[in-house]
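Biologist: I would like to learn how to read a model of this kind. Could you take me through the main features in turn?

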Amino acid sequence: MYRGLTIALGIPCYNEERTIATVIQDFQTAIPQLDIHILDNQSTDRTAQIAAKGGAKVISVPLRGKGNVVRRMFADIEADIFVMVDGDATYDATSVRRMVDRLIDDRLDMVVGCRKPSDAHAGAAYRPGHRFGNRVLTEGVARIFGGDVTDMLSGYRVFSRRFAKTFPALSRGFEIETELTVHALELRMPWAEELTAYGARPEGSQSKLATYSDGARILTTIGRLYIAERPLQFYATVAGVVSFVTFLLASPIVIEFFKTGLVPRLPTAVLCAALAVCALLSLTCGLILDNVVRSRQEIKRLAYLAIPHVQQRQES
């Protein structure tokens, strides 16, 4: 027990035999009370064996992808506080105590470890292309869903039990961090960010992140979440664009009709009528789906409120 609470550390892993022992040892030193779980995503090396030898509990996750691992972590592990960190030894283990204390003391549901590479390893640890992509995606999510987000793609996070047990985890891969952030913003959960040191991978360890394909998947996830969580904005925008095109095409026809009483371009007039109907249908879909989303958010909020906060559990 740490401050009267149980804490579980979940480490998603795929072929991390060179680093996993260091990660386990560093986090055991930082908080000895951690219940460490290695979620092995079908590694082909000795990751699972080394983790078990280091005293961690190994959970095999057959479905490939970090999103599937996080779903299994939140479903199968029981604790008052959940810590998630990558198994590549790039995140600072000494920051975990500060992040957990922040979650408990400020009664938060999520604390994100914002990466801050040292000047000596900035290029190797956090490549400029990845940093730029993270900034663009983070800014997009902040503008769409609100919130002062600075490092949306960080894999170092601390969660309350009520966050973990009410998170649906629909993503399959590295876009899971985006979904975690949007879940907190959508339910307006109390959350915070903590700066944490970020280093380069040890020599011989390879990143599993595919810059372009994973970036495209993250961008697709943002779009999907925008349509799913902000349907009225999306479909109203579509209706507005279609209405504007309809106005441009129909204006000459209407002007000609008032001058001569004739419709000289009948196919264009029919097209304008069809576009006007499409715009109206788009707006109607947005209104209907907006009510559906509100009902779904109410259900998610009630499920979230059904689980007491970790501080309340401690006080009881």
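Predicted model: local features only at pLDDT ≥ 70, side-chain atom pairs only at ≥ 80, totals over all residues.

Biologist: Start with the overall make-up. How many helices and strands does the protein have?

Modeller: The protein has 12 helices and seven strands. Along its principal axes, the C-alpha trace spans about 90 × 50 × 35 Å.

Biologist: What share of the residues is buried?

Modeller: Of the 316 residues in the protein, 47% are buried. The accessible surface comes to about 15,800 Å², and carbon and sulfur atoms account for 59% of that surface.

Biologist: And how do I read the contacts along the chain?

Modeller: One looks at how far apart in sequence the partners are. Among contacts in the protein with a separation of 6 or more, 76% are between residues 24 or more positions apart.

Biologist: Now helix packing. At what angle do the axes of H10 and H11 cross?

Modeller: Helix H10 covers residues 231–260 and helix H11 covers residues 266–305. Their axes come within 8 Å and cross at roughly 165°. Angles over 145 degrees count as roughly antiparallel, so H10 and H11 are roughly antiparallel to each other. The crossing of H10 past H11 is left-handed.

Biologist: Which kinds of residue make up the contact of H10 with H11?

Modeller: The contact divides into 21 nonpolar residues, five polar and one charged.

Biologist: Where do cysteine 272 and alanine 276 lie?

Modeller: Cysteine 272 has its place in helix H11, and alanine 276 lies in helix H11. Cysteine 272 counts as buried, at 6% relative accessibility. Alanine 276, with a relative accessible area of 41%, is partly exposed.

Biologist: What does cysteine 272 touch?

Modeller: Apart from residues up to four places away in sequence, cysteine 272 touches Thr246, Leu249 and Ala250.

Biologist: How are C-alpha separations used here?

Modeller: They are set against the separation along the chain. Alanine 276 and threonine 246 are 30 residues apart along the chain, and their C-alpha atoms are separated by 6.5 Å. Cysteine 272 and valine 242 are also 30 residues apart along the chain, with their C-alpha atoms separated by 9.6 Å.

Biologist: Which residues are buried in H3, and what covers them?

Modeller: In helix H3, residues 66–76, the buried ones are Lys66, Gly67, Asn68, Val69, Val70, Met73 and Phe74. Their cover includes strands S1, S2, S4 and S6, together with helices H7 and H8.

Biologist: And which residues of H4 are buried?

Modeller: Helix H4 spans residues 96–105, and Val96, Met99, Val100, Asp101, Leu103 and Ile104 are buried in H4.

Biologist: Last, the backbone. What should I look for in phi?

Modeller: Most residues other than glycine have a negative phi. Arginine 107, which follows H4, has a positive phi near 55°. Arginine 188, which follows H8, has a positive phi near 55°.

Biologist: Where is arginine 3, and what is its phi?

Modeller: Arginine 3 lies in the segment before S1, and its phi is positive, near 55°. At 34% relative accessibility, arginine 3 is partly exposed.

Biologist: And where is glutamine 42 found?

Modeller: Glutamine 42 is in the loop between S2 and helix H2. Its phi is positive, near 60°, and at a relative accessible area of 36% glutamine 42 is partly exposed.

How values were computed: Residues numbered from 1 in each chain as written. Heavy atoms only, no water. Axes fitted to C-alpha atoms, helices over the stretch in contact; angles between N-to-C directions. Helix = DSSP H or I, 4+ residues; strand = E, 2+ residues; numbered from the N terminus. Parallel < 35°, antiparallel > 145°, perpendicular 65-115°, else oblique. Left-handed = near helix turned anticlockwise from the far one by under 90°. Nonpolar A, V, L, I, M, F, W, Y, C, P; charged D, E, K, R; others polar. Buried < 20%, exposed > 50% of the residue type's maximum accessible area, 1.4 Å probe, protein only. Contact = heavy atoms within 4.5 Å. Areas by Shrake-Rupley, 256 points an atom, 1.4 Å probe, with all protein chains shown as cover.
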